[in-house]
Amino acid sequence: MATLPQLHGFPVSPNVRAARMAFAEKNVPIAFHEIGLDALAAPDYPTLHPFRKMPALTHGEVSLYETPALMVYADTIGEGPSLQPDAPIARAHMWKFVGVAQHYLYPVGVMRLFFNRVLAPLFGLPVDAKAADEAATATAAHLDVIEAGIAAGQLSADAPHFGDLYCGAMVDYIARTEDGRAMLAARRRTAAWVSALRARPSFAATLAPVLAAN
C-alpha cells in the first residue's frame with residue numbers, strides 16, 4: 001500500500017497513545033488525525049468506529065478499530081523485533097496485561113484518578129475528589145500486579161510487548177498524579193520500568209504536549 005495508515009484519535013487518550021506507540025516501535029510512519037471528543041458525535045464517525053470510540057484506523061482498504069487490533073496490525077506490517085513473544089506462555093501473559101490495561105488501569109487509574117487529579121483541573125472541568133481518593137486505593141492494588149509482573153519477567157521495558165506499551169501508557173499517566181508518584185516510590189521495579197519506557201522514542205514522540213509539564 002502506497003498511502004500511510006490514517007490513525008484518528010484524541011492525543012491525550014492512552015488508548016490512542018498505545019496504538020501510536022506500536023507503530024512507532026515498528027518504524028511505521030502514520031498520518032495522525034487529531035480529533036476532539038466532539039468528533040465522536042459526528043454523523044459519519046461510525047464509518048470509522050461503529051461504537052463511537054477511539055482510536056480508529058484506515059489504510060487503503062483496511063479499516064480497524066480497538067487498540068489491540070491496531071497494535072497487531074502495526075506489528076504485522078512493521079519492521080524490527082516483534083511486539084509479541086514467541087513462547088506461548090509468555091504471549092498469554094502479554095494478553096493478560098493487555099486486559100489489565102483495558103479493564104483495570106484505564107477505568108480506575110486513568111479515568112478516575114488521573115482525570116480528576118490532572119485532566120479536569122487542566123481543562124477547567126469539575127473535579128470529583130472523592131472518586132479520585134477511592135481510585136487511588138484501587139490503583140495501588142493494580143500497581144502491585146504490575147510490580148509482580150515485572151519481577152516475574154512478564155513485563156520488560158528492554159524488549160516491550162503489547163502489554164508493556166498498553167500498561168505503560170496507563171501507568172505513565174497515573175505517575176503524573178501526586179498519588180501515583182507516591183505509589184511508584186514504593187514500587188521500585190514499576191518506577192524503573194516506567195522510567196525506562198519514558199526514555200524510548202516511541203513514548204517521547206506520542207506524549208500529548210498539553211501533558212509535558214505534568
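Okay, quick definition before we look at anything: helices (H or I, at least four residues) and strands (E, at least two) are DSSP runs, numbered from the N terminus.

Now, what you see above is a predicted model, where local features need pLDDT of at least 70, side-chain atom pairs count only at pLDDT 80 or more, and totals for chains, interfaces and linings use all residues. Residues are numbered from 1 along each chain as its sequence is written, and side-chain values use heavy atoms, with hydrogens and water left out.

Let's start with the strands. Two strands pair, by the way, if DSSP finds at least two bridges between them. Have a look at Leu7: across from it, in strand 2, stands Phe32.

So what do strand 1, helix 1 and strand 2 make together? They form a right-handed β-α-β unit, with helix 1 covering residues 14-25. Right-handed here means that, with the strands pointing away from the viewer, the path from the first strand over the helix to the second runs clockwise.

On to the loops. Between helix 1 and strand 2 you'll find Asn27, which isn't a glycine but still has a positive phi, about 55°. Glu66 isn't a glycine either, and its phi is positive too, about 85°. Glu66 sits in the loop between strand 4 (62-65) and helix 2 (67-77).

Last one: Met54 and Pro55 are joined by a cis peptide bond, omega about 10°. Pro55 is in the loop between strand 2 and strand 3 (56-59).
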